[in-house]
Every structure is written in structure tokens, then in C-alpha cells.
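Please consider the structure shown below. The paragraphs that follow lead through a few of its elements in turn.

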Amino acid sequence: MLLSAITFFPLLFALLVACIPGSRARVIRAVSLASSLIVFGLSLVLLAKFDRATAALQFVERLPWVPELGVSYFLGVDGISLWLVILTTFLTPVISLGSWGSIAAKVKGFHVSLLVLETAMLGSFLAMDAILFYVFFELSLVPMYFMIGIWGGARRIYATVKFFIYTMLGSLMMLLAIIYLMYAHHDTVGVFSASVLDFYKLKIPFVAGSFINPQTLLFFAFALAFAIKVPMFPLHTWLPDAHVEAPTPGSVVLAGVMLKMGTYGFMRFVLPLFPEAASYWAWLFIFLGLIGIVYGALVAMVQPDIKKLVAYSSVSHMGYIIVGLFAMNVYGATGGLYQMLNHGVSTGALFLLVGMIYERTHSREIVKYGGLAKALPVLAILFLIVTMSSIAVPLTNGFVGEFLILMGTFQVSKAYGVVAVTGVILGAAYMLWMVKRVFFGPAGELVENTGHPLRDLSPREIVVMAPLVVLIFWMGLFPNHFLDYSKVSIEHLIETRDNYQLTVNPSEATDVARTTPRSEAGK
């Protein structure tokens, strides 16, 4: 029941927070923070008990839900999803504590939304039934819709509607594909099933050179949903608006975890379910990923708004993950998964720091900054450290992920590798130029305005940033502490991708068999 506890405790605590009178903001914040720390503690228990020597699903929980259709409550974790679960439970208390300075109105509603969103994100990473996954995947839209729509900026309604329409339309195509796979399983075996493990066993027809064949159409139906979520170029236009209008905690959770639901979907569904189509169309996704890398960097370079600059940098960084995954080798996939974690830490930290600057200056215009390092030395030091991570300086987490992705990319094509390296150079250019304009040089009007004194980070804000800075160096100096947990699962995915199978850990198979839905018992 460990996975159920991790998944649904935030929802239970959200109900508890909802019962607290809205006027007691301090109590609400304390309960929300304490609950998120409890869930993080449970995820560390999961990490401690995880067997890194197997690629099989672990801590499996399975109960019939709609047995006539083969739909079940099916949770499991492997080396691909483990660190994404840890990332979610790690960032949630950081976001909760960080929100104390930026969320002053409707505090109860915000923390209820945050905890419900945590349940949706964790469920997406742990669900091994396709219908259950779809429920969690779509549920995540609702609290984020309210986060942007209620606590966002002046154009929050426009950004919210655009975000919701984009992601919902892509998800509907995925739902149609899931229903098709359920019927395909019925035609093959004689019973319906929505189990992802059963989907892996299907042999879906593929015709090279033709777009109109079952595997290719299903491949693009899933890929479209996940490409919008990432988001990939040219489906990225909702992201900068959502980031700019979202409150700081909303931007952190969006960049830190929600975008990873898209890249995780590629690893869990697209690559293993449709191996021939994925191999045939890999060039297209690598090409779009490379365009995203360079395009995102160039557009970020000319942004006058510091938050929009970080938003476009996110488009660029997520392009690296797509390139790594579709390189379809161990280096690329390992780097892609590691970069998901790195991006969650470094870009989440950047949005937190940008939010802290905004709380002091009430402006995001880079031209109005300048000389902030003298007024805010601690913030400047932390911002520079996080920038080093974002541009992949050696000894930081970003270097490990991008290095592995580049290794995998060069194995596919030297030309692809050269373009990807260009993105690294551009990334360093726009980030360092931004740091120079914001923190150094002549004092800008915001620093010279003595009527609006600037105060350095408070103890609470330092506590918020400290774990992120520790992770930046820990993941950069000791990557194997993290990579060892995913190594076997990634090797299994890449080496057997033409006939990928995922099983339940043998030590848990007996217990799972007792709870297998009756409609699947005859398989």
C-alpha cells in the first residue's frame, strides 16, 4: 500500500486543509507544508526499499476497477518512474514553503490546489493502467487551471484557456488511441484490458513509408499528447504565456514536474509500444527537438522580461530531452531521464529566484535592473550558482545530463551533435548576458529608487533554496548515486525495444495474481 499512500495522502491532506477556516492562513500553510513533508518521507522509504538490480515493476498494487473492460487500479514503479516520483515529492514542500511570500489571497484554495495537483502528478508517474493514467494525466489540468486563473497575472484568463485547450485536445487523441488498444487486445486475446503491460505484448501492424497504418497513427496520437505537454516546437506557444502569467509557485510546479509528464509519456508509452514507428520517425522528433533547442535559445536571448526569458530557456532545455530519448541508445535515454530531474531542479530554482526578485522590485523588465548584486548579495550568489547549473557547467547537475545526451546524439549523427552543441553555446550566452544585466554594471532605476529599499533573502527563502543548491552539486559530483537506480530499466528499454516486455517483480507476482481482474484471468 506504499504507492497508494504516496499518491493519495496529498489528496487526503487537501481535504483536511479545505476544512480549516480561510482566515487561519498560518495554520493552512503549516498543515500544507507538514503534509508535503510527510509524503516526501514516504517517498524516501520507497527509495530505500527499491531494488535497483531489476527492471521489473516493484511495489505493485492491483485491484479490479471496471473488470468488464479490463480496467484496474494498477500502480507500480520501476527505474524510469522512481526519480520522477521523488522529484515530485521533493519539490512540493519547496513550493509550499516558497509560496508563503507570493500567495497572500485565497491561501486555502491555493494549497488545496497544490496538494490535489501533487496527487495527479504522482498518479501519472505510477499508474500502469492506461485508463487510470489518463484520469491522473487529465486531473492535473484542473488545479493548474485554477492556479493560473486565480493567482496569475493580468492576462491570466487568456493564458489559462490557451493552456487548457492545447493540452485537452492532445489528450483526447491519446484517449482514442487507448480505446483502440483495448479493442486490439480483445481481438487478440478475447478479453478487454487497459493494462500497459498487456499493451506491450500487442503486435501492431506497421508499414514503412506509409502514414496510414495502425502503428503510425497510434504513435502520433500518443506523441501529440505528450509533445504538447513537454512542449515541443512548434506546439510550445502555450508555455511562455502560462509561465509569465502564473504565480511563482505555479511556474515552479509547471516547469519542475508537469512538463516531465510529457517526456515520461514518451519513455513509458511511445517508444516501447510503437517500436517500428518510433524508429522510423525518430529523425522527425530529433529534428524538432534540435529546432526547439536553437529556437528557444535565440528567442530567450531577446526577451525583455526575465521570467519570459526563463520560460523560453525551458523550451530549449526540454528539446535536449527529446533529442536524447529519440537517439534510442543508452547514453541518450540515460541523459534524457537525468535531464528531466536536472531541469526540474535548476529551472524550478530559477523561477523561485525570479519570483523573489519580483516580490522586491515588482518588475520583471531586465532593462530596469542592474547592480542588484550589491543590494542583494546572497540572492546574487544563489542566482549565479543556479545559472551555472542551467548552462551545464562541469561539477553541476546540468553538465552530466547534457553530456550524456550529446554522447547519444553523436552516436546517431555528428551533424545532429554539432547543432545540439550550438544550443549549449547559445544557452551560456543568453543566461550569462542576463546575469550581467541584472546583477552587475551600473545600478538600474530599481536599485537607485531609495523609496523602495531592497532587502536580501530572508531565512525562510534561504531554507527554500538550500536543498535545490545541494542537489545541483550532489547530482553533478556524484551522478551514479542517482543513475544506478535507473540503469537496469533504461538498458532493458533500449536493448529490447523491438520486443519490450515489462513484468512484475517475481517476489510480488503471487500477491498481484490474487487481485488480477476476472476478465484477465484466462490470459
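Strands β1 and β2 form a hairpin with four residues between them, strands being DSSP runs of E of at least two residues and helices runs of H or I of at least four, numbered from the N terminus. In the turn, Gly 70 has a positive phi of about 70°. The model is predicted: local features need pLDDT of at least 70 and side-chain atom pairs pLDDT 80 or more, while totals for chains, interfaces and linings use all residues. Residues are numbered from 1 along each chain as its sequence is written, and side-chain values use heavy atoms, without hydrogens and water.

Strand β1 (residues 58-66) pairs with β2 in the antiparallel sense over six bridges; pairing requires at least two DSSP bridges. Val 66 has Val 71 of β2 as its bridge partner. Seven of the seven residues of β2 (residues 71-77) are buried, that is, under 20% relative accessible area with a 1.4 Å probe, protein chains only. Both faces are covered, with Tyr 73 among the buried residues on one side and Phe 74 among those on the other.

Helices α4 (residues 107-126) and α6 (residues 141-151) have axes, lines fitted to C-alpha atoms over the stretch in contact, that come within 9 Å and cross at roughly 155°. The two helices are therefore roughly antiparallel, the term for angles over 145 degrees between N-to-C directions. Their contact (heavy atoms within 4.5 Å) includes Phe 110 and Leu 114 of α4 and Phe 146 and Trp 151 of α6.

In helix α15 (residues 330-361), 28 of the 32 residues are buried, so the helix is largely enclosed by the rest of the structure. His 362, with a positive phi near 55°, follows α15.

Methods: Buried means under 20% relative accessible area, exposed over 50%, partly exposed in between (1.4 Å probe, protein chains only). Axes are lines fitted to C-alpha atoms, for helices over the stretch in contact, and angles run from 0 to 180 degrees between N-to-C directions. Angles under 35 degrees count as roughly parallel, over 145 as roughly antiparallel, 65 to 115 as roughly perpendicular and the rest as oblique.
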